[in-house]
Amino acid sequence: MTRLTGPDAVILDYNGVIGLQPTRAQWLRLARAASWPEDDLAAFQRAFWNARDLYDAGQLSDLAYWARVLGFHPGPRLLRELLASDTDMWTATDASVLSVLRRAHATGLPMVLLSNAPAHLSTVLDTHDWRRMMTQALYSARLQLCKPAPATYQQALHATGVRDPRRVLFVDDRPDNCQAAARLGLRTLHYTGSSDALRAALLPAD
């Protein structure tokens with residue numbers, strides 16, 4: 001008798017797993033849209049991230065978030081440009097990861113997306129072809145809560161339909177998110193860019 005070692009379901013992060021990290025050129029494009037000095041990109045990135053958790057959790061509107069980043073309220077035209085550049089940074093995907101996920105999906109493996117993402121980005125991500133592989137997509141802006149809050153994992157586990165967390169694999173590129181999931185009993189894979197590692201975890205008998 002062959003013992004199945006693969007998970008009964010998987011919970012996937014988006015950025016850093018399915019989604020590629022932004023390039024320097026994309027960061028510079030966003031900084032230029034914000035009229036930020038290009039020779040001080042690091043300071044722009046600090047301003048960008050300082051209020052991002054609140055934005056991702058749906059506690060700041062687009063306007064309120066960008067007002068915090070810029071130090072002033074952008075007009076409608078500038079806000080549209082900022083949102084477009086911001087969205088562009090997070091929508092490129094890793095073809096090798098999607099290939100693995102398609103093979104796993106073909107086996108009937110339930111897949112749930114659990115992503116820290118603001119409302120405008122989650123709306124765009126829901127239109128992408130890969131989204132149809134997901135049983136459900138849970139975004140922080142809709143949950144009003146970000147990883148690594150325990151409730152986010154509990155809701156994702158419920159969405160998989162699997163009761164035993166030991167039978168569910170959580171995949172994320174951030175160690176703190178993986179550690180929080182492990183504390184709730186989930187299997188974890190700290191994803192560091194190897195689609196081979198992901199394939200081995202999802203399709204161990206492949």
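Trainee: Which strands does α10 lie across, and at about what angle does α10 run to β5?

Mentor: Bear in mind that this is a predicted model. In it, α10 lies across β4 and β5, and α10 runs at about 170° to β5. Angles here run from 0 to 180 degrees between N-to-C directions.

Trainee: What makes β4 and β5 a pair, and how do they run?

Mentor: Two strands pair if at least two bridges are found between them, and 4 bridges join β4 to β5, so they count as a pair, and they run parallel. One of the places to look is D172, whose bridge partner in β5 is H190. The chain crosses from β4 through α10 to β5, and this β-α-β crossover is right-handed.

Trainee: In what order do the strands of the open sheet stand?

Mentor: The open sheet has 5 strands in the order β3-β2-β1-β4-β5, with parallel pairing. β3 and β5 each have a single partner strand, which is why they stand at the edges, and one side of each is left without a neighbour in the sheet. On average, neighbouring strands of this sheet are turned by 20° against each other, direction ignored.

Trainee: Why is β2 called mostly covered?

Mentor: A residue is buried under 20% relative accessible area, and 5 of the 5 residues of β2 are buried, so the strand is described as mostly covered. In a regular strand the side chains alternate between the two faces of the sheet. For β2, M111, L113 and S115 on one side and V112 and L114 on the other are all buried, and both faces are therefore covered.

Trainee: What makes the buried residues of α9 line one face of the helix?

Mentor: The buried residues of α9 are T152, Y153, A156, L157, A159 and T160. Seen down the axis of α9, they fall within an arc of 160°, and therefore they line one face of the helix. What covers them includes β1, β2, β3, α8, β4 and α10. Just after α9, G161 takes a positive phi of about 85°.

Trainee: How do you know that D13 counts as buried?

Mentor: D13 has 6% relative accessibility, and the cut-off for buried is under 20%, so D13 counts as buried. D13 is placed in the loop between β1 and α1. Leaving aside neighbours within four places in sequence, its contacts include L113, L114, S115, K147 and D172. D13 and F170 are 157 residues apart in sequence, and their C-alpha atoms are 8.0 Å apart in space.

Trainee: Why is S35 called exposed, whereas Q144 is called partly exposed?

Mentor: Exposed means over 50%, and S35 has 65% relative accessibility, so S35 counts as exposed. Q144 has a relative accessible area of 43%, which lies between 20% and 50%, so Q144 is partly exposed. S35 is found in the loop between α1 and α2, and Q144 in the loop between α8 and α9.

Trainee: What is noted about the phi of S35 and of Q144?

Mentor: Most residues other than glycine have a negative phi, and most peptide bonds are trans. S35 has a positive phi of about 60° although it is not a glycine, and the phi of Q144, near 65°, is also positive in a residue other than glycine.

Trainee: Which peptide bond is cis, with omega near 15°?

Mentor: The peptide bond from K147 to P148 is cis, and P148 lies in the loop between α8 and α9.

Note on methods
Residues numbered from 1 in each chain as written. Predicted model: local features only at pLDDT ≥ 70, side-chain atom pairs only at ≥ 80, totals over all residues. Heavy atoms only, no water. Buried < 20%, exposed > 50% of the residue type's maximum accessible area, 1.4 Å probe, protein only. Helix = DSSP H or I, 4+ residues; strand = E, 2+ residues; numbered from the N terminus. Arc of directions from axis to C-beta. Contact = heavy atoms within 4.5 Å. Right-handed = clockwise from strand over helix to strand, strands pointing away.
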